[in-house]
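I opened this entry to record what I looked up, step by step.

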Amino acid sequence: MNLAILFFVLPFCGLIVAHNFNDTIVMEKELEQCEPDMCEMLKEFGAMTEKLRAVETRLKESETRLKESETRQKEKITKVMFSAAIGGVNRDIGPFNTDTILIYRSVITNIDTAYNPATGIFTAPVTGVYYFTFSYHAGKNYPVSLALYKNDQVLVASHDHKTQYDGADNGGNAVFVQLQKGDQVFVHLRANAHVWGNNDVTTFSGFLQSKQE
C-alpha cells in the first residue's frame, strides 16, 4: 500500500473504530465491504480493540479487589481490644526486689493481637485514643503498688498498704490516653509489692476508642 492510500485509510479506519468500538457486528459488515489491504488493517484494529477491552476489564477487577482489601484492612484495624488475666493457681505474684512488668498470660480476648502475652506489653497498631483498665486482688501480708505505663510515662496507679487489721484487698484504675502507632502500654508491679494470681481477679484490658488518621 502506497503512502497516499495509507493516509486515506487511516482516518477511515479511525472512524470505523471510533464509531464501532463496542459493536463487533458493524465491524464485521465493514470487513465484508472493504478492500483487502484495508480489511487487514481493520482486522488489526479490531484485535487491538479486543486486547484493550481485556486490559480494561482486568484493571477494573484489580481496582475492585484493591478497594475490597483496603476496606477489610480498615475494618480490621479499627477493632483493637484485649483482656487478659495473670493466670496461675491462686498464688502470690511478688514481691520482687525491682519494678517488674506484670505478664498477664491468660488471654481472654486479643482482637488484632496487639497485646503480647509473652511480655505483658500492648503495642498500639494505629494512632488513636485508647481506653485501659487494670484490676487486682491481694492479701494483707505485703503492700500493693501497680502503675500503668505508656512507654516510660506513668499514666495512672493504684496502691494498698500492708496492714494486719484487714484481709484481702481489691483495687485498680482506668484511663483514656492518646497513643501514636508503636507506643507501648503495660502494668508495672513496683518493688516489694505483690498481687494475687489466678484467672479471675487480677486483669489487664484495653481497646481502641477512636482511630485517628
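**Strand pairing**

I began with strand 1 (residues 81–85) and strand 13 (residues 203–211): five bridges join them, and they run antiparallel. The model I am reading is predicted. Within this pair I checked Phe82, which stands opposite Gly206 in strand 13.

Five strands make it up, in the order 4-1-13-7-10. The sheet is open, and its pairing is antiparallel. Which strands stand at the edges? I find strand 4 (106–111) and strand 10 (169–179) there. Each has a single partner strand, so one side of each is left without a neighbour in the sheet. I also noted the twist, which averages 10° from one strand to the next.

**Charged pairs**

I kept one general point in mind: side chains of opposite charge can pair when their charged atoms come close. How many salt bridges does a search of the whole structure find? It finds two.

I took Arg53 and Glu50 to start. Their side chains meet in a salt bridge at 2.6 Å, N to O. Both residues lie in helix 3 (residues 36–77), three residues apart, which is about one turn of the helix. Then I looked up accessibility. Arg53 has a relative accessible area of 18%, so I log Arg53 as buried, the cut-off being under 20%. Glu50 has 39% and is partly exposed.

I then turned to Glu56 and Lys60. Their side chains meet in a salt bridge at 3.6 Å, N to O. Glu56 and Lys60 are four residues apart in helix 3, so about one helical turn separates them. At 40% relative accessibility, Glu56 counts as partly exposed.

**Backbone angles**

The peptide bond from Gly94 to Pro95 is cis, with omega near 5°. I place Pro95 in the loop between strand 2 (91–93) and strand 3 (100–101).

Thr113 is not a glycine, yet its phi is positive, about 50°. I find Thr113 in the loop between strand 4 and strand 5 (115–116). Is Thr113 buried or exposed? Its relative accessible area is 62%, so Thr113 is exposed.

Asn192 also has a positive phi, near 65°. Its loop runs between strand 11 (184–189) and strand 12 (195–197). I record Asn192 as partly exposed, with a relative accessible area of 48%.

Notes
Residues numbered from 1 in each chain as written. Predicted model: local features only at pLDDT ≥ 70, side-chain atom pairs only at ≥ 80, totals over all residues. Heavy atoms only, no water. Pairing = 2+ DSSP bridges. Helix = DSSP H or I, 4+ residues; strand = E, 2+ residues; numbered from the N terminus. Axes fitted to C-alpha atoms, helices over the stretch in contact; angles between N-to-C directions. Salt bridge = Lys/Arg side-chain N within 4 Å of Asp/Glu carboxyl O. Buried < 20%, exposed > 50% of the residue type's maximum accessible area, 1.4 Å probe, protein only.
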